[in-house]
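Work through the following exercises with the coordinates open beside the text. Each task is followed by a solution that goes step by step.

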Amino acid sequence: MRRPIADLPDTLISQIAAGEVVERPASVVRELLDNALDAGATQITLRLQAGGVRLISVEDDGLGIPRDELPKALRRHATSKISSLHDLESVATMGFRGEALAAINAIADCSLASRAFDQDQAYALDGGSGELRPVARAQGTTVLVKELFYSTPARRKFLKSDATELSHCLEAARRHALARPDVGFAIWHDGRLVEQWRACPQSDAMAALDQRLRDVLGEEFVRNSVPVQWSAQDHVLAALGDAPRSLRVWGRVGTPDSARARADTQYAYVNGRFVRDKVIAHGARSAFDDVLHGQRQPVYALYLALEPARVDVNVHPTKIEVRFRDSREVHQGLRHAVEAALAPSRAAAPPGLGSGASAAAATPAPGDFALGKAQDIGTEQAATVSAPYAQQYSMAFGARSGYRVSDLGALWGGAAEAGEARLAAAAGASPGPAQDFRPALPAPQDDATPPAPEATGGWPLGRALAQLQGIYILAENAQGLVIVDMHAAHERVVYEQLKRQLEATDAAAMASQPLLLPASFAATPLEVATAEAHAATLQRLGLEITPLSPRTLAVRAVPVTLAQGDAVELARSVLAELAQHESSHVLQNAQHALLAGMACHGAVRANRKLTLEEMNALLRAMEATPRSDQCNHGRPTWRAISVRELDALFLRGR
Ligand code: ADP
Ligand code: MG
């Protein structure tokens with residue numbers, strides 16, 4: 001029953017190619033917009049009928065196609081964009097495969113009209129008959145695609161309702177529009193103008209991007225996001241002594257508050273190309289680890305630029321996936337870029353505020369709300385904070401993360417005590433008495449007088465007025481009322497303080513502790529290969545993992561701070577992360593989870609009466625603490641209600 005080997009007919013080849021490239025009308029929109037941008041268009045008009053199934057037309061004012069080349073545009077593997085392998089390896093255009101128009105022409109009724117920039121006559125080409133005739137048209141190109149999948153009815157059955165297909169087409173257009181704020185877009189559906197995004201002047205690229213983001217994603221997105229501007233050029237160059245290379249990251253990321261249940265507002269671009277990429281998505285999400293808990297998904301529009309030769313775009317027919325030569329660099333770069341953008345609290349005191357006399361009195365220096373400074377809190381109150389604290393903490397902690405820390409003193413105490421505590425921990429000693437590491441509220445200084453009313457205008461979080469229901473601090477600033485969740489806020493302040501201490505004792509924290517009995521486990525070949533390839537990195541992290549056999553790994557040493565945890569589980573998750581991203585934050589995350597647990601239990605509890613001085617000290621500490629807009633669980637720590645909003649509530653001035 002064997003059939004002889006035979007060449008496939010041309011149309012069938014194109015129909016097969018179309019199967020890869022054209023899934024639905026939105027795929028056609030994407031290809032045609034790519035082509036218009038590649039042609040240098042400054043204004044693009046997209047027209048759709050019946051969700052794009054009946055008609056898609058893209059009209060541009062780009063360089064156009066000369067008469068003689070028009071028939072070639074529809075031919076398979078014909079392109080003006082590359083002509084050699086070298087071109088392919090450094091391709092800077094959206095297209096390069098030369099098959100989109102051919103594929104579309106094989107499954108729809110297709111025609112082209114174009115006038116090249118250096119010709120004064122336009123020509124139209126009928127994709128079915130190949131007939132070429134002169135038409136009237138200004139410089140640029142129009143591609144008209146009618147009755148998608150008319151020749152492949154099986155495919156047509158997979159299409160959804162017109163409304164669904166339209167929404168996919170609009171999403172494709174959005175992706176392009178966000179890539180190019182300098183190009184104007186107009187979109188029509190069934191004769192109605194549904195979107196219009198004006199070209200933004202390029203004199204100020206960030207302002208242009210903001211404008212485009214506002215137009216496409218809405219005012220909300222811009223209001224609830226912060227700008228990202230980051231470049232790795234210098235330190236990458238220095239670190240690698242390699243040929244010049246650079247990585248630039250810019251755009252906007254939403255504040256943790258604006259995160260969503262679904263990952264549907266995440267736009268990432270590599271050299272102007274919209275991509276769906278795991279390295280990028282993971283790098284960006286990991287920057288939110290500390291401020292966004294659970295499954296919430298951040299929103300962002302992030303743009304990466306790196307040398308074209310360092311990213312392979314030829315890995316997917318629709319070019320939505322890319323491969324990086326150094327994915328670790330991209331992952332780290334993105335994480336750093338986004339972290340840096342998110343760190344400043346919106347409550348941060350503007351520079352210069354710390355210089356006045358009253359300001360100096362009210363601003364705790366980072367060391368001032370140090371741990372153990374409880375003497376300002378009344379004894380009765382102190383007792384409620386400290387009583388079952390150590391117990392609470394160790395219980396909650398064991399349940400929470402799977403790692404236990406035996407040398408609490410090292411984390412709570414200063415760097416000087418770390419060594420001792422570590423020794424104690426190694427010897428199996430229990431942590432010291434609770435009061436040794438109990439975090440205090442930011443300690444108000446003796447001369448800390450509340451700022452004068454006229455001075456409150458300067459403090460972003462204002463002057464404390466009162467405590468509400470034992471939960472909230474009410475404060476007055478220049479704009480109106482500020483409400484602070486005192487537990488959430490204090491939790492973040494303590495957490496950041498602990499992290500700073502951990503960093504200060506970093507060398508000790510990452511110090512390695514040999515296991516008495518190496519923990520061996522059955523490993524996958526990938527885990528074994530990863531352990532071997534990243535041995536040096538693992539050692540720097542305080543981990544020693546060596547192969548015992550091609551299918552067995554042994555953990556011989558772990559970081560001191562994580563010595564009590566499950567060594568095998570730790571090793572596995574670090575190896576998994578290293579294999580996927582070539583870098584690992586598992587250890588840091590595990591340590592941060594520890595500190596977050598401690599901070600949560602150490603932070604001031606509800607129903608604790610605070611004095612005005614304590615409240616003011618907490619407000620000032622928040623202003624000096626990074627990420628203080630969110631608690632460790634990602635909940636907001638403060639909200640503001642302006643006088644204007646209050647006036648509206650009371651119908652004043654109407
Ligand atoms: P590719 O974009 O990969 O080159 P396509 O099939 O999409 O392949 O397009 C084939 C060729 O037709 C392009 O290389 C380009 O020269 C020309 N072309 C297509 N669309 C346009 C357009 N809107 N303006 C100018 N030239 C175009
Ligand atoms: Mg193309």
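A polar contact is a pair of N or O atoms within 3.5 Å; within protein, one must be able to donate a hydrogen and the other to accept it, and residues adjacent in sequence count only if both atoms are side-chain atoms. The model is predicted, so that local features need pLDDT of at least 70 and side-chain atom pairs count only at pLDDT 80 or more, while totals for chains, interfaces and linings use all residues. Residues are numbered from 1 along each chain as its sequence is written, chains are lettered from A and ligands numbered from 1 in the order in which they are written, and side-chain values use heavy atoms, with hydrogens and water left out.

**Exercise 1.** Find which side chain has an N or O atom 3.2 Å from a nitrogen atom of ligand 1, and then describe the surroundings of ligand 1.

Solution. The side chain is that of Thr141, whose N or O atom lies 3.2 Å from a nitrogen atom of ligand 1. Next, an oxygen atom of ligand 1 is found 2.7 Å from an N or O atom in the Lys81 side chain, and a backbone N or O atom of Ala100 is 3.3 Å from an oxygen atom of ligand 1. Taken alone, ligand 1 exposes 530 Å², of which the protein buries 92% (Shrake-Rupley accessible areas with a 1.4 Å probe). Finally, the shell around ligand 1 comprises eight nonpolar, seven polar and four charged residues (nonpolar being Ala, Val, Leu, Ile, Met, Phe, Trp, Tyr, Cys and Pro, charged being Asp, Glu, Lys and Arg, and polar the others, Gly among them).

**Exercise 2.** Determine the strand order of the open five-stranded sheet, and explain why β9 and β12 each have one side without a neighbour.

Solution. The order is β9-β10-β13-β11-β12, with mixed pairing (strands are DSSP E runs of at least two residues, numbered from the N terminus, and two strands pair if DSSP finds at least two bridges between them). Because β9 (225-231) and β12 (273-274) stand at the edges with a single partner strand each, one side of each lacks a neighbour in the sheet. Within the sheet, β11 (residues 266-270) and β13 (residues 300-306) are parallel and share five bridges, and Tyr269 stands opposite Tyr303 in β13.

**Exercise 3.** Identify the residue with a positive phi in the hairpin of β7 and β8.

Solution. Strands β7 (residues 184-189) and β8 (residues 192-197) run antiparallel and are joined by five bridges, and the bridge partner of Ala186 in β8 is Gln196. Two residues lie between the strands of this hairpin, where Asp190 takes a positive phi near 45 degrees.

Technical notes:
Helix = DSSP H or I, 4+ residues; strand = E, 2+ residues; numbered from the N terminus.
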